[in-house]
Structure formats: structure tokens, C-alpha cells
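Take a look at the model below.

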Amino acid sequence: MAEIARTSLANEPLALTALDGRYRSAVAPLVDYLSEAALNRDRVHVEVEWLIHLTDNSVLPGTAPLTDDQKAALRKIVTDFNADSVKELAEIEAVTVHDVKAVEYYIANRLEAIGIGNLKPLVHFGCTSEDINNLSYALGVQGGVNNVWLPAARDLVAQLAKMAEDSREVPMLSRTHGQPATPTTLGKELAVLAWRLTRQLDRIEKTEYLGKINGATGTYAAHYASVPSADWQQVSKSFVEHLGLTWNPLTTQIESHDWQAEVYSDIARFNSILHNLCTDVWSYISIGYFVQIPVAGATGSSTMPHKVNPIRFENAEANLEISNGLLNTLGSTLVTSRWQRDLTDSSSQRNIGTAIGHSVLAISNVAKGLDRLDVAEAVLADDLDHNWEVLAEAIQMVMRAEAIAGVEGMDNPYERLKDLTRGHRVDATRLKEFVGELGLSAEAEQRLQSLTPGTYNGIASQLVDHLKK
């Protein structure tokens, strides 16, 4: 086969991945926390704060606290970090062939202008690259989760909870194993999903973001060799906590990344539950329980004009699966390092933004999909009215209770209802006749005669109140 002639696009400023192209608007806020540029900005931040921390505490003999103006000028290196900074760092790294060393030089090159050129040796003092990287990644993940992912997820669950509240009284036929089963309410079923998602969000909000700054193999060897008089563990602990992170006192060269595996596992579990919501809602749409509100001008099918496809939920399913594939890989990869250090984590962690980005995109799509749904109450009611056999459970349970109370003729209730209903469609008339022939007490018979598939849903509507607790 002849190769298709094509113009090369490789040198054009075009996105390779869907997140940076088609779906950029949905995930753009993550760029401030989980992009390569954000990682470098956070590296600059950590290095600057380490320099200030060492001088504030006069950790090294011959150093004294900086003036407020000098501290402000140092921190301005971080706040002024922009596209030009990214370019400059790239140029330095082209020479150093080392990303963290490039950050060290980037900062050192600015100290003369601040009037502290003599402190160049203090930049990156006692640090291995991982001291800076682990703290920078922790800050980036913490910011991305707390400021982007969690608010989007919380808004989605609040939207779902409102739908549950609005439809709490709407009777619905359950379908255990895909078969007609004891009725519920639509609101209660949505509340189950909202409750499950909320539990995961509560876990994620309690995440500990760990960090360390203790040298090449976690022993403070260089620190004590150079300044044996300092309490380096306290210096390390107070610095990590100053950054808003939790200090990890025992590490190798790397921070062990266990906390990352934990939060990625929790996000992945949230994703899996959200995937369950997507498949359930998709199925309810397919049987007419939900009606999708058409978007003006939108096309559902290129050839079938009548179609309104549940594309938001299908898109979300795919993105949740991609997100979980990456999150699960990160979780299993990052907790393992050969002896004191290998670099598998370096490549792996560059995919954190992609993993969380696909989850953010999915959340956005689910929210948009739910916003375009109407409940087809007439369809739900009609479905219930065609499945009176679901009352068999109620009848046989009442018969059991009657037998315990001493009413005669209540033998073999399950078997008698199975003979009546299994493999048969039973309408209201036949079921009421059956109840009337059982010899129940007057109160029990009246209770069953007034029962319908639409009212046989226990306290389903009240259960929605658990979302408020």
C-alpha cells in the first residue's frame, strides 16, 4: 500500500494529547499546579523558602536573618515566575542537563541584584534533588486536589444530592439482576450514589501530604558534617511544616510516596463509583426513566436526526477508566524504589496531572449530563403498573407475620406466592383476588389490598435525609 503523503505537523505548536487540545478548557486550572511549569515554579518556591528558613533561624554560623525587603525580593522570584522564566530555566537546563540544578542556578543568578550575592552557597544547601522534588510535588498535588479536583467533585455531589432530594418521592421499579424487583424511589437510588461519593471525598479531604528534607540518603550526613551544632531534624521538621505539609522523619533518598498511593487510590475509588453512576444513568436513559433535554443546534447522530445520545456519560466513562489506569499504575509504582533510590518515580510522577486531569474532565461531563436530564415520571409509573408481581414479597411476609400471630391457613407462604408469580405476569385484579382468598386478618388484608407497586417502597424517601447528616 502506498504511504499517504502528508504535511508534517511536528514542528507546529499543536497539542499531542486530548487534555491539552480538545478538552483544554475543562482541565486548564490544573496547569497552575500539575504542569511541568508549575513543578518548576514550586521548586523555585521551595528553594527560596529553604534559604529564608536557614537564615531566619541562623542555622549556619555567619548567617543572620534577612531584611523584610530581601525576603520580599526573594519571594518575588516565585510570584514573578512566568513563561519567560520557563524559557530561561530550559536554557540553563540545556547546559546542566539537570532540572533541579537549573533551578539552583536560576535563583543564584538573582541574588546579586537583591544584595545577598554572598549567600549563593546557601542555595540548595545540604539538599539532594529529591529534597526539592518531593516537596514540590507534594505542594502541586495538594494544590491541584484541594483547589481544583475537590471543588469540582463536591459541586457534582451537591448537584446529585439535589436531584435525589427533588425525586425522593418518585416511585421506581428496582431491577436486581436486571429483573423487576421490590420498588424504591428514584431519589433514594441517587442518594445511595451521592452517599458513596461523599465518603470518598471525606477521605480525600483528610489526606496527609508528606515531605522530607534530609539529604542524599535520609541521614543528614552532609548537614552534620558541615554544621554539627545544628538540630537538623528540628530544622527539617519546622521547614516542611512551614510549607503546609506533614513531616516524614524516616526516608531513604526519596520520600516514600506512600501518601501519594493513598490519595490516588481514594480518587480512583471515587472515579469507580462515579463510573457506576454513569452506567446506571445511561441505563435509566435507555429505558426512558430519564429524558435528555436537547441542546439547541446539537447533533445526536450524523444520520439519525431523532437521536439524543447520552454522550456526556459515555465520555465520562472513558475518561474515568483512563484516569484509573494511570492512578492505579502510579499507586503501585511509586511505593517501590530499589534500595535507597531509583528514578522510576521521576518519570511516573510527570503523569500525575494527566491522571487527575482525566478525572476532572469526567466530573465536568457528568455534571453537564445530569444538568440536561428530566425525570419521566409517567414512564416510571407505567413500568410499576405493569409489574404487580413485585408485591409477592410483601404478601408472603405478611402471611409469615400472620402465622406467628396465630392466624390459621398461612402455611407455605413463599411456595404459594412462587406458584402464583414465578414466570407469570400477574395484574392487579388477580393479585387482589389472591389476597382476598388467603383468610388474613381484616387489618392485614386491608393493608395488602391498598398496596400498589407505586406505594410499596418502604421508607425510601426518608432515607434521602441521610445526605443531610
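Which residues does W149 touch, leaving aside those up to four places away in sequence? The contacts are G144, L201, I204, I267, F270, I356, S359, V360 and I363. Keep in mind that this is a predicted model.

W149 belongs to the largest nonpolar core, which has 109 residues. Along with L74, W232 and L370, W149 touches the most other members. Helix α8 (residues 129-166) supplies the largest share of this core, 16 residues. Domain 1 and domain 2 each contribute at least three residues to this core. A second core is separate and has 20 residues, among them A392, M399, M410 and V435.

Now the domains. The protein is divided into domain 1 (18-127), domain 2 (130-213 + 249-377) and domain 3 (387-467). The C-alpha centres of domains 1 and 2 are 33 Å apart. At their interface, 21 residues of domain 1 are in contact with 25 residues of domain 2. The two domains bury about 2,000 Å² between them, and 75% of that is on carbon and sulfur atoms. Salt bridges between domain 1 and domain 2 number 2. E36 forms a salt bridge with R350, with the closest N and O atoms 3.1 Å apart.

Finally, turn to helix α18 (residues 413-421). Here P413, L417, L420 and T421 are buried. They lie on the same side of α18, because they cover an arc of only 80° around the axis. Their cover includes α17 (392-404) and α19 (428-436). Just after α18 comes G423, with a positive phi of about 80°.

Terms used:
Residues are numbered from 1 along each chain as its sequence is written. This is a predicted model: local features need pLDDT of at least 70, side-chain atom pairs count only at pLDDT 80 or more; totals for chains, interfaces and linings use all residues. Side-chain values use heavy atoms; hydrogens and water are left out. A nonpolar core is a set of buried Ala, Val, Leu, Ile, Met, Phe, Trp, Tyr and Cys residues joined through side-chain atoms within 4.5 Å. Buried means under 20% relative accessible area, exposed over 50%, partly exposed in between (1.4 Å probe, protein chains only). Helices (H or I, at least four residues) and strands (E, at least two) are DSSP runs, numbered from the N terminus. Domain bounds come from an automatic or database domain assignment. Contact means heavy atoms within 4.5 Å. The arc is that of the directions from the helix axis to the C-beta atoms. Buried area is the accessible area (1.4 Å probe) that two parts lose on being put together, summed over both. A salt bridge is a side-chain nitrogen of Lys or Arg within 4 Å of a carboxyl oxygen of Asp or Glu.
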